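Me: I am new to this structure and would be grateful for a close look at one part of it.

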Amino acid sequence: MKQPAFRLEPVLKLRRTEERAAALASAQAAREATEAAERAERDAAALTERALPGHPTGSAFIAAMVASAAAAADVSAARALAVARAEQADLVRARWTAAAQRTKGLERLRERHVAALQAAADAAEERVVDDLVTRQHSTTRASTDEMSREETTWTD
């Protein structure tokens, strides 16, 4: 006998696919956030290592200060980008979590479906066994009754 299929199986497959896609997107966003943070730290380390020329002239000093200010702006922008990427990674991770919860809910429904089918199959098997035992008992009793009637009439 063919078991009834779980009617939401196509939806469950879709949810699992969505969850895998969200997981990949989350991993990519986390990787990009990590790379942005590392880049910001490298830029900040490079900024601290900057030094003024040994005997700067006025124009060399101004050029060095402008370059340092530009590098500081770049570091600030890199840190802002790292923060934005981290926030984006958190949002993508939240989407992944939501997708996983939706998938888990359907998986629980499927497990209940399978459990209900198993319970129905067990109940049907019990009924078959009960019917066999009852039939065997009634057949045995009927033959015993016939034997006792034959014996009674024979002994009379």
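Which residues of helix 1 are buried?

Reply: The model is predicted: local features need pLDDT of at least 70, side-chain atom pairs count only at pLDDT 80 or more, and totals for chains, interfaces and linings use all residues. Residues are numbered from 1 along each chain as its sequence is written, and side-chain values use heavy atoms, without hydrogens and water.

The buried residues of helix 1 are Glu 9, Leu 12, Ala 22, Ser 26, Ala 29, Ala 33, Ala 36, Ala 40 and Ala 44. Here, buried means under 20% relative accessible area, exposed over 50%, and partly exposed in between (1.4 Å probe, protein chains only). An α-helix has 3.6 residues a turn, so residues three or four places apart point the same way.

The chain holds two helices and zero strands; both kinds of element are DSSP runs numbered from the N terminus (helices H or I, at least four residues; strands E, at least two). Ala 100 belongs to helix 2, residues 58-155. The C-alpha atoms of Ala 100 and Arg 15 are separated by 8.1 Å, although these residues are 85 residues apart along the chain. Ala 100 counts as partly exposed because its relative accessibility is 25%.

Between helix 1 and helix 2 there is a loop that contains Leu 52. With a relative accessible area of 46%, Leu 52 is partly exposed. Of the 156 residues of the chain, 13% count as buried.
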